[in-house]
Each structure stands twice: as C-alpha cells, then as structure tokens.
There are 2 protein chains.
Amino acid sequence: MGWRGDKLDGMTEATDPAGAPAKTWKGLTADQRRDRRRAQLLDAGFEILGTLGAAELGVRSVCRRAGLTERYFYESFDSRESLLEAVVDQVSTAGFARMGEARHRANAARADPVKPMIRAYLDYFSEDPRRGRIQFVEAGIAFPLGHHRKPGHPRAVALFTDLLAADSDEEKGDAADLTLNAYALAGSQAELIMRWLDGQLRVPKERIVRHMLGVFRAVQDVTSRAERVPKEPLD
Amino acid sequence: MGWRGDKLDGMTEATDPAGAPAKTWKGLTADQRRDRRRAQLLDAGFEILGTLGAAELGVRSVCRRAGLTERYFYESFDSRESLLEAVVDQVSTAGFARMGEARHRANAARADPVKPMIRAYLDYFSEDPRRGRIQFVEAGIAFPLGHHRKPGHPRAVALFTDLLAADSDEEKGDAADLTLNAYALAGSQAELIMRWLDGQLRVPKERIVRHMLGVFRAVQDVTSRAERVPKEPLD
DNA sequence: GAGACCTGACAACGATTGATGTCAATAGTC
DNA sequence: GACTATTGACATCAATCGTTGTCAGGTCTC
C-alpha cells in the first residue's frame with residue numbers, strides 16, 4: 001500500500017467471455033489471484049525501495065516481505081529490475097494523477113489550478129515519505145539519464161511546460177525559455193519537497209505551498225533569449 | 001583523473017623529520033607510493049561510479065581498473081562504501097572549489113560574482129559529464145537523506161544562502177525565505193545542469209549560464225512570509 | 001473419494017560479493 | 001651476493017545473488 005487505492009475489483013462473480021463461470025480458488029479467479037500476488041510484490045518492493053533503497057531490493061527480500069515464494073515473482077515480473085521499474089512507475093504515475101485531479105477540480109471551479117496542483121503534489125509525498133525517496137532518489141538509479149524509459153521528472157517537466165504555456169508572455173520569452181523554466185521548476189520543487197520531508201525546512205506545510213507558488217510565479221517570467229546587442233556588455 | 005590536478009608533490013628528495021633521507025622505491029617514498037595508489041583507486045572509482053553507477057562499483061572491479069590488487073584497496077579504504085563516499089566527496093569538493101575561485105576572482109575585480117560562479121560550476125560539470133552523474137545522481141545513494149555526512153547539496157545550499165544574503169531585502173523576506181530560496185535554487189541549477197549535459201536542452205552553454213542567472217535573480221526576491229491579512233483571500 | 005489443479009517450502013545451480021590470507025617474484029639496501 | 005621490504009597474483013572464506021526446478025500437501029471439481 002501507499003501509492004494506490006487498496007481495493008480489489010468489485011466483481012464477485014467472474015465469468016469468461018463465453019459466459020461460463022470461471023473457476024475460483026478461495027473465492028478468487030486465477031486472474032484475480034495473479035493480480036493480487038502482483039500487487040503484494042509491488043507493495044513489498046515499494047516498502048523496501050522506499051526505506052532501504054535499490055541496493056536492498058532483491059528477489060528474495062521482496063518475496064519474503066510479500067509472503068510469497070520466488071516462483072510467483074517471475075510470474076509477474078521478468079527480473080528484479082523489472083519490479084524496480086514498476087514500483088517507480090507506480091509512484092510517479094499516482095503522483096501526477098493527483099495533480100491532474102487537482103487541476104480538473106480547479107478548472108471546474110474556474111479557479112487558478114497552479115496552487116491546488118502544487119498542494120496536491122506536496123500532499124501526495126507528505127502522506128508517505130517513502131514516495132519521495134522513490135520518486136526523487138531511487139528513480140535516478142532505476143532510470144539513468146540516457147535510459148529509454150523515463151517516467152519521473154520528464155512527466156513533471158511536461159506538466160510544468162503545459163502550465164507555463166497556459167499564460168506565457170509570447171512577446172518576452174521564446175520556446176526554449178519555456179523548456180528551461182519547466183526544468184528549473186521541476187528541480188526546485190523536487191528539492192523543496194525532499195528537504196521539507198527530511199525535516200531540514202522547519203516551516204509549516206502551507207508555507208511550502210506558498211513558497212513553491214512564489215517560485216513558480218517568479219520563474220515564469222525568466223527569459224534568456226539572445227539580446228539585440230551584438231556583444232554582451234559585461235560579465 | 002577528472003576531478004583534481006594530476007600532479008604529484010613536487011619534492012624530489014624526501015626527508016623524514018630527523019633529517020635522514022627517507023627510503024625510496026622506484027624513486028618514491030613509502031608515503032608517496034601509498035598516496036599514488038590511493039589516487040589510482042579514487043580515479044578508478046570515479047570512472048566506474050560516473051559511468052556505470054554505484055551498483056557496479058565493487059572492490060574487485062575498482063582494483064582491476066586501478067591496476068592494483070585487493071590488498072591495496074584496504075590499505076587506503078576501510079570498505080567499499082568508504083571509497084564510494086570518498087569519490088563523491090572529491091567531486092563535490094572540487095566543484096565548489098571552482099566556484100570559490102570564481103568568486104574570489106570576481107571580488108578582486110570588483111565585479112558581481114554570481115554569474116562567474118554559475119559559469120564556473122557549469123564549466124566544471126561540462127568538462128567531464130561523469131562529475132554530474134556522481135554529484136547529482138549517485139550522491140543520493142552514497143549519502144541518503146538522513147545520513148550524518150552530506151557533502152553534496154548542503155554545500156550548494158550554504159553557498160546559495162551566502163550569495164542570497166549578500167544583497168537580500170531585509171524588509172521583504174525573513175530568514176526562512178532565504179533558506180527556502182537557497183534550496184529552490186540548488187534544485188533548479190542541478191536540474192538544468194544535468195538535463196543540459198544529457199542533451200535534453202539543445203541550447204548553447206552560454207544561454208544556460210544566462211538562464212541560470214535569470215532564475216537566480218527571479219528567485220532571489222521570492223517570499224512566503226505570512227501575510228498580515230488573517231485569512232488568505234483565495235486559493 | 002478420485003483426480004486435477006494450485007500452493008508454499010525448499011533444494012540446487014553457477015556466479016559474484018566483501019574481505020583476508022598465502023606466497024613466489026621483484027626492487028631495493030648493505 | 002645476502003638480506004629485507006615491497007609487490008602482484010591468486011586462494012580462500014562465508015554469504016548472497018538471480019533464477020529454475022522439485023515435490024509434498026492443500027483445495028478445488030466431479
């Protein structure tokens with residue numbers, strides 16, 4: 001638990017496409033049991049990755065914590081690394097989903113979505129500090145910089161780019177400014193969240209939200225577009 | 001190599017405190033040889049940590065790359081983790097030393113030190129991308145959040161705090177604003193450096209410097225100090 | 001109850017790990 | 001040349017790793 005809604009699918013009588021009742025085992029179909037085991041493994045991986053780190057996330061340790069045997073590990077995951085990526089992806093996806101919900105709520109209420117989104121993101125990580133470690137520390141290991149799949153920060157950057165583009169001054173900055181500001185914001189927000197969770201910033205949560213909003217507004221207008229003057233006057 | 005000046009101590013005739021000439025071996029005293037081996041191990045650790053990651057940094061792999069045997073590993077380092085921390089510390093220390101030099105040069109020339117410092121820091125990482133991976137990715141593993149020794153970002157934060165305090169508006173923000181802004185800046189600069197090194201920001205280096213300076217100036221004035229109004233008017 | 005399916009416990013595999021110890025060959029001093 | 005300090009190659013230790021396989025015992029359907 002910790003990153004998803006902990007409820008199984010609501011159907012009590014499962015049927016296969018042909019209409020015949022599916023075989024059950026202790027009240028669960030084969031698919032339900034498999035999904036449950038996969039969820040158990042993901043939970044165990046989440047716990048280990050979020051508290052001990054990637055180095056401690058092994059097949060045996062995960063299975064022991066999940067209450068399953070090694071055979072069922074390879075039923076749901078190809079390898080140790082496959083589980084690692086799945087855990088990181090779950091945490092990241094759930095976090096951005098929370099921001100998306102906040103955005104839709106704000107839009108429905110015709111309110112500015114930025115602050116609610118920031119608050120939702122911070123809430124998500126403050127509810128469970130393991131999420132922060134996974135998202136901001138371990139994700140860099142699971143998905144190194146040159147990696148083909150990158151579910152973490154790029155999602156944040158895309159989201160910030162989107163928000164910045166919503167009310168950007170077309171006359172002042174160019175497209176590169178938008179991207180640069182999105183990365184700068186993603187980095188600063190991540191740093192503030194992590195350090196606040198770690199207790200190094202001894203201020204109330206609401207102040208973090210206000211400050212992150214302030215940083216957002218401040219960075220929003222930053223531009224480094226080339227000047228008209230041929231040579232920059234001074235260092 | 002990669003993070004230090006690759007020259008041995010210049011003395012050719014070593015003498016011990018009593019004045020007697022120290023015994024040499026291939027022209028080097030015992031201390032010089034030991035220091036050389038330690039440097040070889042650090043270089044090898046730097047290479048492995050900066051390209052493969054902490055998971056691949058083992059005693060055997062480091063020794064093989066350093067051209068030494070395992071016995072000499074434990075001559076200079078207590079454990080595998082000890083080397084890991086030493087490598088991270090070297091990269092971090094050298095980077096901040098470069099910023100310090102830039103600051104002193106600017107101060108001596110009565111110029112604003114911020115932009116030269118930013119450029120020096122970016123130069124340091126762009127000269128060797130392995131430094132960036134070590135500083136911004138692997139350091140999080142070597143020194144987890146609750147760790148007692150934290151040579152990485154806190155140094156950046158202290159430095160940003162120092163710069164921000166130099167010309168901060170006492171009337172507008174309070175001490176917490178200073179700290180919050182320092183962390184926000186550390187995070188944004190790290191993110192911009194990493195993404196630019198990774199090729200995701202396709203702009204000239206000088207524009208990154210300009211943009212980082214812009215972010216610095218913009219964040220400098222951010223404040224989240226409690227307002228006088230009892231209730232915040234709107235989200 | 002018979003037979004089929006599913007489960008958990010555990011053995012086994014080769015490989016690798018961190019760390020320590022042994023030992024012959026080499027480079028130096030006298 | 002004799003003797004010592006130093007070196008590098010390698011053996012060794014228990015432990016752990018990812019992964020696959022075996023097998024007795026439980027749980028279902030008929």
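Q: What makes a residue count as near a strand?
A: Its C-beta atom, placed from the backbone, lies within 6 Å of the strand. This is a predicted model, where local features need pLDDT of at least 70, side-chain atom pairs count only at pLDDT 80 or more, and totals for chains, interfaces and linings use all residues. Residues are numbered from 1 along each chain as its sequence is written, while chains are lettered from A and ligands numbered from 1 in the order in which they are written.

Q: Which residues come nearest to DNA strand C?
A: B:K26, B:G58, B:V59, B:E70 and B:S79, out of 21 residues around DNA strand C.

Q: Which residues are closest to DNA strand D?
A: A:K26, A:G58, A:V59, A:S79 and B:T69. In total, 21 residues surround DNA strand D.

Q: What makes two residues a contact, and how many residues of chain B are in contact with chain A?
A: Their C-beta atoms, placed from the backbone, must lie within 7 Å. By that rule, 40 residues of chain B are in contact with 40 residues of chain A.

Q: Why do the copies meet through the same surface?
A: Because 100% of the interface residues of chain B are also interface residues in chain A.
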